[in-house]
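Okay everyone, thanks for coming. Let me put the structure up on the screen, and then I'll walk you through some pieces of it.

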Amino acid sequence: MEKTLLELAELVGGQVVGDPGIRIKGLGTLETAREGQITFLANPRYAAKVADTRASAVVLASGTNPFGRNAIVVGNPYLAFAKLLTIFTTRPRVPRGIMPGAIIGEEVAIGEFASIHPGAVVGDRVVIGERVTLHPNVTLYDDVVLGDDVTLHSGVSVREGCRIGNRVIIHNGATIGSDGFGYAPDGAAYFKIPQIGIVIVEDDVEIGANSAVDRAALEATRVGRGTKIDNLVQVGHNCVIGEDCIIVGQAGIAGSTRLGKHVTLGGQVAIAGHLTIGDGAMISGKSGVMSDVAPGEVLSGIPAMPHQARLRSAAVFPHLPEMRKSLARMGIRMTKVEEHLESVSNVMPLPGQECAMARGYA
Amino acid sequence: MEKTLLELAELVGGQVVGDPGIRIKGLGTLETAREGQITFLANPRYAAKVADTRASAVVLASGTNPFGRNAIVVGNPYLAFAKLLTIFTTRPRVPRGIMPGAIIGEEVAIGEFASIHPGAVVGDRVVIGERVTLHPNVTLYDDVVLGDDVTLHSGVSVREGCRIGNRVIIHNGATIGSDGFGYAPDGAAYFKIPQIGIVIVEDDVEIGANSAVDRAALEATRVGRGTKIDNLVQVGHNCVIGEDCIIVGQAGIAGSTRLGKHVTLGGQVAIAGHLTIGDGAMISGKSGVMSDVAPGEVLSGIPAMPHQARLRSAAVFPHLPEMRKSLARMGIRMTKVEEHLESVSNVMPLPGQECAMARGYA
Amino acid sequence: MEKTLLELAELVGGQVVGDPGIRIKGLGTLETAREGQITFLANPRYAAKVADTRASAVVLASGTNPFGRNAIVVGNPYLAFAKLLTIFTTRPRVPRGIMPGAIIGEEVAIGEFASIHPGAVVGDRVVIGERVTLHPNVTLYDDVVLGDDVTLHSGVSVREGCRIGNRVIIHNGATIGSDGFGYAPDGAAYFKIPQIGIVIVEDDVEIGANSAVDRAALEATRVGRGTKIDNLVQVGHNCVIGEDCIIVGQAGIAGSTRLGKHVTLGGQVAIAGHLTIGDGAMISGKSGVMSDVAPGEVLSGIPAMPHQARLRSAAVFPHLPEMRKSLARMGIRMTKVEEHLESVSNVMPLPGQECAMARGYA
């Protein structure tokens, strides 16, 4: 594929500096890009490299010196480059249809331009939108509903009745709609509570490899529009995750917890059940959240506390042994001082006392 | 389905208060239940809602005010409701037989009323009990044994020779019997130690989505009767897990560790290898256990310590910076005091000294 | 199978003590081994058991008393026993060929003696070496390359263009080459950055059940020769893992981090992104590493610090409440002392002052 600098500028919403007509065939980094390619400067620290790059054009933030190079000036060069990367690397999707070795149940509705690979198994009464790709060995249970432009990678399972929105991508081995972890103790053993709800995954969600989102006990577990979930993440039953959240690998959210919008959970974070995490909250990696989090809070630690304060406390942690020793020594020194003062106070002359004594002798 | 209040009371082992003949068609919460439905009061805090619910009957703990409603009185309303939910929501299982696209090995014995879905692959010499369901893309390696009423969800793998008890449910993508993580370092590289044992999963166990239970090096890894394992849990080789344990999502148990009965592991707990965890022990979420745990202990933290004590220590953690500062200040103040006493003690009159001096002047 | 003691000694590179001609049919532990079997002593503490074992021969470290038994003397008895276990338990592999129900794409090259099981799906232009086993429901995307003697267990997915070396074993449900977790925030939502790199898994690597290794954004994520990865491990995009590393269950490595050779990560360890972990570093279980680690360092904790120092600090943690109290008390005692000295210093006679006062009265 080949486009003019002007065409690319329009595609990323930027202004051309230099020759709008030059033709761009691909992209590379400031170091690796060759003639005919475009590169980008995201980090101002490397601004000098713009002068040396062999690229035919550079994507720059407004206000950056283009060193006389042909350039596209934008507000967010990193985002613009991601868009260019998409333009240059996305191959047109060729629908494969229902391939031999795929198994389709009864009363299934499949939209146009589907690719359903060998080993994919589609249950009864499933509804599949347009331009959907089911990779090999995907399993859709009965009554699943998939939107348009959905991609389910090999080994994904979507359990009975769950609903997946448009443009959702689910990576290999992820499970949507497994039973929530709910039991009623009868004193001796545990009685399984039927999990009869579903999972609703809204539009533009991405879910990572081998993650699991449990179905609700009643009603629905929900993953909000645009939320991105990494690999090996656990989402408990009846969780409601807001829009545009980022949930990093191996994080876990216990049942019935609600995340607002734009919440970020770092890797291996754990959130206890039945909590509310406010909009824009950020929980740093490996933290454990045991209580509600207000909007915009930045927390870390187990239990989680304000991140900056925790860094200060964590910096003291290595000094605990010396602190304990000096505290013990301090106690000994203090007692010595107190005992000394105790003893001398018996003899220490009170105000004017010497005089009295002296007078006696006079 | 429709049952009288009396029939339901007998099914859950409770007493009817009010009209035993009223007919119940379904269930709901105190807020959502409609006429013809039954609801329940588990939390006494909401007792007042019993008066207002539109439900035709209520499941109550003995001693609770029924506000004149038709009721079933039981010892454990939550458990009773779970049973009612099961009664009203469980659809009769319709065996599908060996469906087209399922692949069955040689010398396989399959009990009556099986449902073996497309893409399920059954190895040689496998023995399958009655009323077993193998969902699509399940894989049973050679010589696997499954009990009666087993349900294996899509993507489950059971490795060579492993044995699964009766009424076991294994959720999507879980792996039973993968090789234990055992190597003999030869100085440079690691030499793989053959893992020739198996996994034994006893009756009434449930294992969550994408969990992994490794086969033993020799002998067997064992999951005890009635134990419930959540999603993304790791059980190492040669572990022996007792009966009726609860192991919450993303917990990990290293090799050769033994759990007693009724042990509870919270989410993301890690238990080191070769340990013994006593009956009824509870380890709270995100804890790390590096030594044996006595029966009934309630631990948390990394390393795990008694839970209440840890909460007290964790409450002090945010104060560490101020503690360190005040400890430093204390040292300075102490030194000042000591130096002062040092100096004055040279001049401080000893008992009677003033008199002597005064006398001298007389 | 049956071998003479001499043959076994040569196979493990050891010397025979006693009768080199005795025939060995199998192995067991010091307690369980019977006549005709060989056992081993790895832990000197059990040396006395060598006298009592019913085994016909014992594998011993040089310098250990054989108590007059037939023995093989080696430098590393544990390693030698692992080799003997391999010799006696490994059954000859019987190639099954491409079995009915396996699906092979176009322009696929498959080496000799393959076993491709039912439900395995091989994409287009895939290259497969000799003696490769693909278990049921394995999925290879287009353009995958597998070396010789590779074993992929059921449910494994290898994504487009990824390369797997010789003698690699990947356990059930693991995913190689899922998209890295990369998005460009556009202010409101997240724009997906195409992940167009691959994963390269070098020779002799083993990867555990339900683990995930993400493909690179550009270039390659790499797992070095001989590295062993346990179950449920997450490896982020563009990570480079050195040779002969040990990565224990549920550990996670964020994007672009580099591990040297012989690095050990304990269970549930988290390593932040863009870090360098030096050769031979050891990170103990549940630790969180937020900065570079020098070669040979042994760290633990969150954030990770030198392991021994952390143990000392962790031992003080339970004493924090009492430390805080005694620090508060110390402040009160100190103030009391200071105030007392303050008051008495007004009246405390300065050198010779009493005399002056006395003289005044004289």
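Let's start with a sheet in chain A: an open one of 5 strands, in the order 2-7-6-5-4, with mixed pairing. Strand 2 (15-17) and strand 4 (26-27) of chain A are at the edges with a single partner strand each, so each has one side without a neighbour in the sheet. When I say strand or helix, I mean a DSSP run, numbered from the N terminus: E over at least two residues for strands, H or I over at least four for helices. And two strands count as paired if DSSP finds at least two bridges between them. Take strand 4 of chain A: it runs parallel to strand 5 (residues 37-40) of chain A, and 2 bridges join them. On that strand 5 of chain A, A:Ile38 is the residue opposite A:Leu27.

A quick word on what you're looking at: this is a predicted model, where local features need pLDDT of at least 70 and side-chain atom pairs count only at pLDDT 80 or more, while totals for chains, interfaces and linings use all residues. Residues are numbered from 1 along each chain as its sequence is written, chains are lettered from A and ligands numbered from 1 in the order in which they are written, and side-chain values use heavy atoms, with hydrogens and water left out.

Now hop over to chain C for another sheet. This open sheet has 10 strands with parallel pairing, in the order 9-12-15-18-21-26-29-32-35-38. Its edges are strand 9 (103-104) and strand 38 (288-289) of chain C, each with a single partner strand, so one side of each lacks a neighbour in the sheet. Strand 9 of chain C pairs with strand 12 (residues 121-122) of chain C in the parallel sense, over 2 bridges. If you want to find that spot, look for C:Ile104, which sits opposite C:Val122 in strand 12 of chain C.

On to how the chains relate. Two copies of a chain are related by a rotation about an axis and a shift along it. What rotation superposes chain A on chain B? One of 120 degrees, with 0.1 Å of shift along its axis, and the RMSD is 0.2 Å. That's the relation of a three-fold axis. For chain A on chain C, the rotation is 120 degrees with 0.1 Å of shift along its axis, and the RMSD is 0.1 Å. The superposition is by least squares on C-alpha atoms of residues with pLDDT of at least 70 in both copies.

So what's between chain A and chain B? Chain A has 75 residues in contact with 61 residues of chain B, contact meaning heavy atoms within 4.5 Å. About 5400 Å² is buried between chain A and chain B, with carbon and sulfur atoms giving 68%; that's the accessible area (1.4 Å probe) that two parts lose on being put together, summed over both. The rule finds 3 salt bridges across this interface of chain A and chain B, a salt bridge being a side-chain nitrogen of Lys or Arg within 4 Å of a carboxyl oxygen of Asp or Glu. B:Glu206 makes a salt bridge with A:Lys192, where the closest N and O atoms are 2.8 Å apart. Helix 5 of chain A gives the largest share of the side of chain A that touches chain B, 12 residues.

Now the other neighbour. Here 60 residues of chain A are in contact with 75 residues of chain C. The buried area between chain A and chain C is about 5400 Å², and carbon and sulfur atoms give 68% of it. A:Lys286, A:Arg324 and A:Leu327 supply 11% of what chain A buries against chain C, more than any other three residues. There are 3 salt bridges between chain A and chain C. In a salt bridge there, C:Arg333 meets A:Glu338 at 2.8 Å, N to O. Helix 5 of chain A turns up again, with 12 residues, the largest share of the side of chain A that touches chain C.

Most residues other than glycine have a negative phi, and most peptide bonds are trans. From A:Ile302 to A:Pro303, though, the peptide bond is cis, with omega near -5 degrees. You'll find A:Pro303 in the loop between strand 39 (298-300) and strand 40 (305-306) of chain A. In chain C, the bond from C:Ile302 to C:Pro303 is cis, with omega near -5 degrees. And B:Arg167, which is not a glycine, has a positive phi, near 60 degrees. B:Arg167 is in the loop between strand 19 (163-164) and strand 20 (169-170) of chain B.
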